[in-house]
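Thanks for making time this morning. I would like to walk you through one model, going from its overall division to a few local details, and I will give the cut-offs as we go.

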Amino acid sequence: MTKAMKGVLTAMLILLLTLAACSSDDSATTDDEVDDSGQDAENAGDDEEEEAEDDGLFSIDDFSNMKASEGDALEGGTITFGLVSDTAFEGTLNYNFYSGNPDAQILQWFDESFLTWDENYVYTQDGAATYETSEDGSVFTFTIRDNVNWHDGEPVTAEDWLFAHEVIGHPDYDGPRYGSDFTNIVGMDEYHNGEADTISGITILNDKQLQIEFINVTPSLVTGSIWTYPLAKHIFGDMEVADMSSSPEVREHPTGFGPFKVETIVPGESVTYVKNEDYWRGEPNLDGVILKVVNPNTVVQELQTGGVDLVSSFPVDQFPDNAEMSNVEWLGIVDRAYTYIGFKLGSWDGEKGEVVPDPDKKVADVNLRKAMWHAVDNTAVAERFYHGLRWNATTLIPPSHPEFHDETNPGITFDPEQAKQILDEAGYEDVTGDGFRETPEGEELVINFASMTGGDIAEPLARYYVQSWNNIGLNVELDMLEFNTFYDRVGQNGDDDPTLDVYMGAWSVGIDVDPTGLYGRNALFNFPRYASEENDRLLAEGVSEAAFDLEYRKEIYQQWQQLMVEEIPVFPTLYRSEVVPVNNRVQNYAIGDGTGVYLYELAVTSDQPLVAE
Amino acid sequence: MWKLMVRRIIIMIPQIVVLSLLVFMLAKAMPGDALTGLIDPSIDPAAIEAMRERLGLNNPWYVQYWDWITRALQGDLGQSFFFKMPVADLIGQRMVNTFWLSLATLILTYLIAIPLGIVSGRYNDTLADRLITGYTYVGFAAPLFITALLMLYIFGFQFGWFPTGGSVSPGSTPGSAEYVIDKIYHLLLPALSMALITTVSTVQYLRCEIIDTKQKDFIITARAKGASEQRVYHRHILRNSLLPIAALFGYEITGLIGGTIFIENIFNYPGMGQLFLESITRRDYSVMTALVLLYGIAAIVGALISDIILSIVDPRIRIK
């Protein structure tokens with residue numbers, strides 16, 4: 001009995017450890033493709049289990065984003081897609097109304113955008129519609145391909161596209177999409193406020209052609225600032241706008257024009273699809289797709305047993321233990337995100353809607369901020385905590401935007417001696433002899449640092465940074481806060497906590513490179529409350545007419561990245577990668593943007609998923 | 001009897017009002033709200049503010065409470081912010097799953113508890129008894145979620161005997177016999193996992209009762225009259241020992257509420273427990289408050305049922 005008991009106990013202990021290691025997954029980061037600017041990546045310090053051996057390092061360079069093809073593809077077949085989430089999906093199955101990432105994962109199989117984009121996130125002419133711009137760039141003419149039909153056989157028309165704009169701009173609309181992309185359309189504001197019955201900037205030329213006129217012409221227009229999802233007018237036309245998102249046409253039998261049709265939905269847990277033979281790119285290879293929600297805690301077992309062929313995401317902390325899984329191939333891409341440490345340099349003026357820099361802030365001295373950047377060894381953090389799946393960040397435009405990320409800019413490197421020297425020269429000296437430096441005025445300097453809880457390593461990570469700063473003689477006090485409290489105090493409502501000096505956050509950036517939404521003078525999400533003339537100028541230049549010239553725009557954003565390295569309102573700590581497993585029997589699959597691989601080409605080489613040995 | 005019930009139901013009303021007030025205040029005391037997650041520069045902060053205003057999130061809590069309670073009394077529990085559907089519909093959808101899961105758990109709990117309790121009590125201090133009490137101690141000590149994960153790992157993934165998530169196979173059509181069987185198949189493993197843990201206290205109660213009753217005078221009398229061992233156990237001991245167990249039935253319901261929250265999350269079983277946890281982390285107030293209220297009512301009703309059963313089986317405590 002004792003022996004058996006020992007066995008059970010050991011098994012339980014092991015399970016307890018695994019559970020602890022994977023209880024916080026990466027589901028917090030919402031990464032929707034429609035979104036064109038920044039989104040908050042909640043778990044700033046998520047979650048990696050520390051591994052004993054040092055050689056277990058990975059590099060994103062070793063991953064492909066395309067599935068290798070082995071063997072011959074079968075005709076037909078069915079695959080299972082695992083929607084990795086610890087919550088049930090909401091079931092708002094229409095691009096015009098959905099808000100959560102789980103729903104987007106379901107949508108991608110049966111509906112799609114009119115326009116596709118390349119690896120630099122610029123709209124291409126390969127999608128269900130093509131576009132032309134007028135001489136001055138303000139008028140876009142879209143032409144929908146003739147063979148694009150809704151699942152019920154009705155053609156997708158320009159009318160449907162206009163209808164989507166009318167619904168989203170309607171005052172009763174309850175989704176999150178109405179924003180600057182829409183107000184940038186001529187006449188949209190008037191329509192939204194009820195002053196006009198139609199949107200004057202959108203003209204229907206004929207059944208398949210639509211013209212949209214924009215107010216501000218910027219290079220950002222073609223990187224995700226156009227609403228490219230139609231809404232079937234023949235289905236929703238007679239419905240009240242307020243009732244649409246909860247209607248059975250959205251929740252129970254949704255429609256689209258994508259490669260698969262929804263067959264059945266079990267609310268919150270699974271969806272089955274059959275192929276749409278009338279798909280405009282051609283008949284899909286597969287007969288059908290099954291989508292089911294998989295808990296992050298059990299995703300590894302589902303993959304090993306062939307319960308799922310593909311997954312929407314994979315908890316990165318479980319990767320090192322499963323890198324050798326025999327029945328899958330791992331694909332990887334650079335994530336559009338970075339973790340950063342921010343300095344509070346001012347406050348927010350809600351009346352005027354702009355940041356107010358305050359030169360008296362504790363961390364207002366750029367030398368202090370620079371020393372704090374010098375003091376941290378992000379490479380060590382990346383290797384110790386993330387097995388190399390995250391790596392040292394240098395500038396505020398991550399390498400997920402290869403055109404604009406300045407590889408030659410080294411940022412500020414780890415050099416504690418340099419840090420000490422900078423502080424000495426700036427007058428931060430330890431006059432009281434307590435081991436911590438005082439301000440140049442001789443006053444005690446205690447820096448308040450806030451970080452988010454969540455995941456096993458959130459706290460050790462934050463403590464590591466505190467330790468690094470202690471090492472250069474700075475007295476830093478750590479406050480671990482829960483997500484909601486954290487952003488309340490950092491200032492998501494504009495009432496920043498004045499006692500906060502430094503914080504660690506993360507941003508997941510949109511497909512458009514323009515950082516104004518995060519660092520502009522009028523951006524509420526400019527949490528460091530930083531502003532300067534030069535910053536204003538560069539951000540404006542980046543979206544000016546001159547910036548239509550790609551070389552010029554690159555140059556501007558290189559200057560901006562350099563400015564941020566010099567001024568340091570925030571400094572980036574880590575860039576991130578994303579890895580997902582694919583069952584070996586799957587062919588023609590790719591992750592990331594602009595791959596040119598589409599879901600209708602997806603195929604399998606055997607009837608049943610391969611099982612791990 | 002009726003008097004007791006009426007009296008208890010009258011007491012229930014202030015209990016529920018206080019509960020609703022408490023729940024509401026605690027919910028509002030949590031930092032952040034449903035819109036906190038929308039930290040997204042592409043959404044105009046003014047639009048978020050307008051949405052807060054429209055949802056009434058800027059009103060003082062007592063105004064919000066009054067709005068909520070008056071509507072709730074009219075049967076309108078509000079709209080879920082995330083699911084964009086009426087809370088009543090949403091909970092209704094999930095409640096069906098939780099109901100069947102709880103029922104299956106209850107049945108399994110008693111199916112396990114009664115034979116084990118009887119064996120353990122009747123043959124106390126034998127090897128069988130030691131094994132059974134050993135199991136109950138492990139059961140007391142083992143957290144539910146660990147047991148559930150173990151069960152899922154062993155029977156779901158290693159042996160592949162049971163489905164590993166969801167309440168029904170993708171693509172089955174409601175109404176058919178296969179659909180019903182499939183549903184039962186899906187809830188067996190989660191129900192069993194929970195039953196294995198919840199049953200241990202019942203086993204212990206039953207064992208103690210039987211051992212206790214065995215030594216009572218009337219049992220000696222029965223034996224003295226020459227009743228067969230079989231008859232002594234079935235007619236005399238078991239009947240008397242089962243009564244307190246029956247009385248615990250109502251509290252069992254309360255225990256299930258806590259259990260389903262864990263189980264549903266581990267087995268990805270879309271019921272109220274899973275919904276509850278989600279609504280808390282995402283600050284979906286309308287769903288959260290409605291669920292806590294429902295859970296509270298279920299607990300109070302469970303206690304009421306227990307009291308009623310107790311007063312039926314034990315006339316001594318009946319209120320005249």
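**Domains and ground rules**

Chain A is divided into domain 1 (69-93 + 258-327 + 584-613), domain 2 (113-249) and domain 3 (335-576), with the bounds coming from an automatic or database domain assignment. The C-alpha centres of domain 1 and domain 3 of chain A lie 39 Å apart.

Please keep in mind that this is a predicted model, in which local features need pLDDT of at least 70 and side-chain atom pairs count only at pLDDT 80 or more, while totals for chains, interfaces and linings use all residues. Residues are numbered from 1 along each chain as its sequence is written, chains are lettered from A and ligands numbered from 1 in the order in which they are written, and side-chain values use heavy atoms, with hydrogens and water left out.

**A strand and its partners**

Let me start with strand β17 of chain A, residues 502-508, where 7 of the 7 residues are buried, so the strand is largely enclosed by the rest of the structure. Here buried means under 20% relative accessible area, exposed means over 50%, and partly exposed is in between, with a 1.4 Å probe and protein chains only; helices (H or I, at least four residues) and strands (E, at least two) are DSSP runs, numbered from the N terminus. A:Val502, A:Met504, A:Ala506 and A:Ser508 point one way from β17(A), whereas A:Tyr503, A:Gly505 and A:Trp507 point the other way.

Which strands join it? Strand β11 (residues 328-343) of chain A runs antiparallel to β17(A) and is joined to it by 7 bridges, with A:Gly342 partnered by A:Tyr503. Strand β15 (residues 446-452) of chain A runs parallel to β17(A) and is joined by 2 bridges, with A:Phe449 partnered by A:Val502. Two strands count as paired if DSSP finds at least two bridges between them.

**A helix with two sides**

In helix α13 of chain A, residues 416-426, the buried residues are A:Ala419, A:Ile422 and A:Leu423. Seen down the axis of α13(A), these fall within an arc of 95°, so they line one face of the helix, the arc being that of the directions from the helix axis to the C-beta atoms. As background, an α-helix has 3.6 residues a turn, so residues three or four places apart point the same way. The buried residues of α13(A) pack against α11 (366-374) of chain A, contact meaning heavy atoms within 4.5 Å, while the face turned away from the buried side carries the exposed residues A:Glu417 and A:Glu425. Just after α13(A), A:Gly427 takes a positive phi of about 95°.

**A loop leucine and some rings**

A:Leu221 is found in the loop between β6 (209-213) and α6 (233-236) of chain A, and this leucine is buried, with a relative accessible area of 2%. Leaving aside neighbours within four places in sequence, its contacts include A:Tyr123, A:Phe140 and A:Phe214. A:Tyr123, A:Phe140 and A:Phe214 are also among the members of one aromatic cluster, which includes A:Trp117 and A:Trp150; rings of Phe, Tyr and Trp (its six-membered ring) pair if their centres lie within 6.5 Å, and planes under 30 degrees apart count as stacked, over 60 as edge-to-face and the rest as tilted.

Finally, A:Arg281 lies over the face of A:Tyr598, at 3.4 Å from the ring centre, where the criterion is NZ of Lys or CZ of Arg within 6 Å of the ring centre and within 35 degrees of the ring normal.
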